[in-house]
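Okay, thanks everyone, I'll keep this short. I'd like to walk you through a ligand site, so let me put the structure up.

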Amino acid sequence: MEFRNFINGRWVPAMSGATFENRNPADSRDLIGTFPRSAKVDVDEAVASAKRGFALWKATPAPARGDVLRRVGEIMLRRKDEIADLMTREMGKPVAETKGDVQEGIDTAFYAATEGRRLFGHTVPSELRDKWAMSFRRPIGVTGLITPFNFPLAIPTWKAFPALLCGNSVVLKPAEDVPHTATVLVEILLEAGLPPEVIQLVHGMGEEVGKALVEHPDVPVISFTGSTETGRLVGETCGRMHKRLSLEMGGKNAQIVLDDADVELALEGVLWGAFGTTGQRCTATSRLIVQAGIHDTLVAELAKRAKALRLGDGRTAGTDVGPLVHEASRAKVESYVGIAREQGGDIVTGGARATGGTLDHGFFFQPTIVTKVDRTHRVAREEIFGPVLSVIKVKDADEAFAINNDVPYGLSSSVYTRDVNTAFRALTLLDNGITYINAPTIGAEAHLPFGGVKATGNGHREGGWEVYDFYSETKVGYIDFSGKLQRAQIDNYPVEHA
Ligand code: NAD
C-alpha cells in the first residue's frame with residue numbers, strides 16, 4: 001500500500017516522488033507500505049498551508065477547539081483495538097502495551113477538551129487606583145512537532161492536542177519507523193472536524209524533513225522528543241533562530257531497591273520497567289541499584305523470571321517482549337553487551353540475539369541482566385535503549401541516591417522501601433523529573449507534567465497543565481479607567497486619609 005503526506009488539505013506524494021519502506025520489526029518480510037520520502041520543498045508547502053490554517057484556527061473560540069478534540073478522543077476510543085494492532089505491527093511492542101499507548105492519547109484528548117474551557121490567565125490588583133491588570137493566553141503560530149518511534153501515538157498526541165487547543169496549527173514530522181500510526185492520527189483529526197489546513201503531516205527522514213522544519217523561519221515553535229544527540233542539533237538551530245523549543249530526550253533511569261523493600265513488588269516492578277517495550281521507553285529501567293542485604297536473592301530470582309519471558313510477535317497472544325525497532329538498534333544493544341563484558345560485568349542471563357523459528361525474521365534480543373557493574377562503567381552511564389539491565393550493589397540509601405544522580409540524564413527514578421522517611425528523602429534528593437515510590441520507573445499519567453532534568457530536557461514539560469504554558473504566549477493587559485495619566489512606580493502607593 002502506498003501512503004501519502006497530508007499537505008494543503010490533500011493527501012499527496014512527495015514532490016520528488018521518492019518513497020521509503022516501512023516493515024514489521026517482528027517479521028521483516030512483512031511490508032506495511034511505502035511512504036513519501038519528503039524534502040525541504042514539501043516542508044515549505046506544508047508550512048505555507050499551516051500559516052493559512054493558523055489564521056482560521058486562532059479565531060476559533062477555545063471551547064470550540066476543545067469540542068473537536070473531544071470528538072478525536074471518542075473516535076480513538078472506538079478504534080482503540082484496530083489502532084493498537086497496526087501500531088504493534090509497525091513498531092513491535094505487545095498489543096497490551098499499544099492499547100495503553102492509544103489510551104494515553106484518548107486521555108490526552110479528553111484532558112485537552114476540558115482545558116478549552118479554562119486556559120486561565122490571572123486578574124490581579126493594579127498598584128494604581130481605577131486600573132485593572134490581567135494576563136491572558138494567545139496562540140503563537142505554526143508549531144513543528146518532531147516525534148520518536150517508541151510511543152507512535154501517545155507522543156504525537158501529547159504535542160499536537162495542547163498545541164491545537166491553544167489555537168496553533170501543526171506540522172507533524174513522525175519518526176520514519178512509525179509513519180502509519182501518524183497517518184491514522186491525522187485521519188482521526190480530520191474526521192473529528194479539524195479544518196484541514198490546521199494539520200499537516202510530512203513523512204521522511206530526520207536529517208531531511210526534521211531539519212528543514214526546525215530551520216524554517218515561519219515555524220516559531222518546535223517540540224522535539226528523541227535522542228539527546230539529535231536534540232542538541234535541534235537546540236542549536238532553535239537557539240540561533242530564537243525559537244520556542246521543548247526538548248524531551250534520553251534517560252538512564254534507575255530503580256533503587258533497599259533492604260526493607262517488599263521484594264516481590266520490587267521484582268514485578270523491575271521486570272516490567274526493564275523489559276516492557278523491549279527496554280525502548282525513555283523511562284525504561286536501565287539500572288537496578290540494590291542494597292547489599294537483598295542483592296543476591298533479588299538478582300537470582302530476577303534472572304530466573306527474565307529468562308522465562310516469552311519473546312515473539314507482539315500481535316501473538318502470550319508474548320511478553322517484542323523485537324527491537326530495527327537492526328541498527330539490535331546491533332547497538334549487542335555492542336553494549338560486549339562493552340559490559342570488557343569492563344568486568346557479569347552477564348547472568350541473556351546477552352545474545354534471540355533466534356530460532358519465527359524469531360529469525362525479526363530484530364529480537366534476549367532480555368539481559370548484567371551484574372558486578374560499577375557506577376563508572378559505560379553500561380551504568382549511557383542510554384542503551386534496549387532490554388539490558390545493569391545491576392549496581394550499594395551499602396545504603398545514601399550511596400544509592402548518589403549513584404542515581406551520578407549520570408548525565410534525569411528523567412525517571414523509582415525507590416522501593418517501606419520507610420516513609422526514606423521515601424520522602426528520595427523525592428527530595430533524586431535529580432529526576434519523576435520519582436516513583438514502590439512503583440516502576442514507567443507509568444506516566446496524562447494530567448501530570450512529564451519530563452526530565454539535566455541532559456534529558458530543557459525545562460519544559462509535556463502533559464499536565466504545564467504544557468499549555470508552552471504552546472501559548474502570555475500577554476498582559478492594563479486598563480486604566482481613572483481618566484488621568486497615572487505613572488507606575490511614581491504616582492502609586494499614596495494612602496489617602498479622610
Ligand atoms: P531520534 O533522535 O533518532 O529521532 C527522533 C525524531 O527526530 C525522529 O522523527 C527523527 O526522524 C528526527 N530527527 C533525526 N535527526 C533529525 C535532525 N537532524 N533534525 C530534526 N529531526 C531529526 O530518536 P528515536 O530513536 O526515534 O527515539 C529514541 C530516543 O528518544 C531515545 O533517546 C529516548 O530516550 C528518547 N525519548 C525521550 C522521551 C522523553 O520524553 N524524554 C520519550 C520518548 C523517547
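Predicted model: local features only at pLDDT ≥ 70, side-chain atom pairs only at ≥ 80, totals over all residues.

Next, the neighbours. The ligand is surrounded by 28 residues, and the closest are Thr147, Lys173, Glu176, Ser227 and Glu383. If you sort that shell by residue type, you get 13 nonpolar, 9 polar and 6 charged residues.

Which parts of the fold do they come from? Domain 1, that's 5-249 plus 457-477, and domain 2, 253-437, each give at least three residues to the shell. As for secondary structure, helix H7 (206-215), strand E10 (221-225) and helix H8 (228-240) each put in at least two. H7 has the largest share, with 4 residues.

With Met249, a backbone N or O atom is 2.8 Å from a ligand nitrogen. Thr230 uses its side chain: an N or O atom there lies 2.9 Å from a ligand oxygen. And at Phe149 we're back to the backbone, with an N or O atom 3.4 Å from an oxygen of the ligand.

How much of the ligand does the protein bury? On its own the ligand exposes 850 Å², and the protein buries 89% of that.

Definitions and conventions:
Residues numbered from 1 in each chain as written. Heavy atoms only, no water. Near = heavy atom within 4 Å. Polar contact = N/O pair within 3.5 Å; in protein donor to acceptor, adjacent residues only side chain to side chain. Areas by Shrake-Rupley, 256 points an atom, 1.4 Å probe, with all protein chains shown as cover. Nonpolar A, V, L, I, M, F, W, Y, C, P; charged D, E, K, R; others polar. Domains from an automatic or database assignment.
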